[in-house]
Amino acid sequence: MDSNELYTNVVVVHEEATGVGPQEEGDPGDNGPDNEPDDEDPRERDAFEIEKVVMEFRDEPSILHDEYPDSEEDEEDEAARERKRDNIRAGGGNLHYHQTFFSAIAFKEAVLDHALKTGCNIAQYKYDKTKLGFKCDGDGCIWRIYCAITKKCSKWRVNVYKNVHTCNPNGDCEMLNVLVIARLFLDSIRDEPEYFMPMKIEETIKRKWKITVSRSQCQAAKRKSLRWIEEEYDNQFARLQDNAEEIRESNKDSTVEVLTVTNDAGQEVFNRFYVCFDAIKRTWKEFCRPLIGVDGTFIKGKVKGQLLVALGRDADNAIYPIAWGCVQVENIENWVWFVRKLKDDLGLMDGDGYIIVSDRQKGLIRAVKLELPKVEHRMCVRHIYGNMKKNHGKDKEMKKYIWDVAWSYNESSFEAHMTELYNYNVAVWRDVVKSKPRTWCRAFYKQGNYCEDVDNNSTESFNNSIVKARDKAFVPMLETIRRLAMVRIFKRSVESHDHNGRCTPYVGKFIAKEHKKASEMNIRRSTNDMYEATRGLDTHRISLTERTCTCQKWQICGIPCEHAYEVILEKKLEVEDYVCGHNSRFHKKKKSYALAFEGVGTVTHGSQVEPSQGVVMSQG
């Protein structure tokens, strides 16, 4: 038996000498709910919250095409809002002996998760710069945990853990004091201050965790949260200037801009922020698809405004963050500024040979016309469908018809699907015609870029991945976005180096679908090294030399269609030899991720992500 394991009935007690015995108890004191002093450094709290979001991040899959959107997108906004309101805390509450934490706050939050999960009366009995202890104050309960920084371990490590509760929850939890309640609901209050009133906070705690707190505690907690939110404004923008300066010093040739304006009171206030890291923009220019998804989303809290993002696609058709910025309002002037910054950073010139995908925001459309007159500007069919829902109620059947129109690879297919839509609902057909479908249908795309995207779902996915970041104060929000970009690139780097195929997994899935349909074709040799592929009454002409098919799918996607694939099979050729453009550059993708990752950060200790000499953000 290990000397640190003592068996008492069914409870395993782990203890380790730490210099100061865990039995030493102290009362942290109580100064009253309104006078309770802040017990944490705000920057340490920010660091923990950022790390938590980063550790919970799950990389998005490659953007797949020709798949109807999930029905969840048809969910009413109010239902989604109610679900978000209920998502206050999602910690696992799992603790174990010799568990390590990167900070005292991380340990306290893990114990809090345990308290919320079990509903037991957890109370702190030991507080020191290098030692923390909690116990259960339930009747006769022996549960206890003690964590400290020791000579043997430079991190916070659990050295004592009695892991069984011998009590039953009674609705009381000393750990859930005013400060803890204020932190639990801080982001929610920042987002919806009028909804999360003291009574709602009290009800939510009772419903979710079966813990009873007083109305006065909840009132004090909300006042505390509002005070923190009020203080964030001045503190955040002082830090923002420091962060921008450090990016300039630590990341040569990166672009970072902080612009302010003078208000009526003569005060200098925030106006715009933009950042594009040099390693990321160089990688995008050399290795990624010539497509940029652009979108804006609301910034929450006291600092009202819009977060603007520009996203690319890598060789695996997965999200590749390029640049992001913040403005006070989404208008023509700010969009012109943002698009101009992108144009300069990425060398887009007049836009010829590139693609922009966005919604129909008038300011953005105007900015693209002014700054990138020759770019192919595609409208997002997802937003087209969203507008149709507003005009035609909850007709979910029209989704299929609209997406079928968007996915048409040639004009004949486009006309056929428009006829089907007309026969289904004339009113919807009229609105589709008004939306100028040639701006969002594949049949009318420029050929040679090999990007078949009809929607801007990558920005929607990206915005979903940073929801928790947008709930935070301004500088922690920007730092969280940077860290998530770093983790995303690292995960892709690992994936690309583990892959041995000539083409990306996305291309592999695409080819597999075409292979299944290819067997249905009848192939006939024609003149001038041309072939005819026939299925029923449908006939198309293929040229392997020119890499074309009259269905136009090959020219638009850069991947052999089912007609071309059957010809390739008949001639016993390698289909990978006929994959075009960025789809066939997976070996370069590995290099691109290595390059970008050097400029964004490094990963140590398994999934623990820490900044390196790449992108560095100041802590003050």
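In the predicted model, Asn449 touches Pro290, Gly353, Ile355 and Glu376, leaving aside residues up to four places away in sequence. Asn449 lies in the loop that runs between helix 14 and helix 15 (457–465). The relative accessibility of Asn449 is 12%, and because the cut-off for burial is under 20%, this residue counts as buried.

The crossing of the two helices is right-handed. On the side of helix 11, the contact is made by Met388, Asn391 and His392; helix 14 contributes Ala427, Val428, Asp431 and Val432. By residue class, the contact of helix 11 with helix 14 comprises four nonpolar, two polar and one charged.

For the protein chain as a whole, the secondary structure consists of 21 helices and 20 strands. Of the 620 residues in the chain, 54% are buried, and Asn449 belongs to the buried class. Among contacts in the protein chain with a separation of 6 or more, 65% are between residues 24 or more positions apart. The accessible surface of the chain amounts to about 28,700 Å², and carbon and sulfur atoms account for 47% of this surface.

Key: Residues numbered from 1 in each chain as written. Predicted model: local features only at pLDDT ≥ 70, side-chain atom pairs only at ≥ 80, totals over all residues. Heavy atoms only, no water. Helix = DSSP H or I, 4+ residues; strand = E, 2+ residues; numbered from the N terminus. Buried < 20%, exposed > 50% of the residue type's maximum accessible area, 1.4 Å probe, protein only. Contact = heavy atoms within 4.5 Å. Areas by Shrake-Rupley, 256 points an atom, 1.4 Å probe, with all protein chains shown as cover. Left-handed = near helix turned anticlockwise from the far one by under 90°. Nonpolar A, V, L, I, M, F, W, Y, C, P; charged D, E, K, R; others polar.
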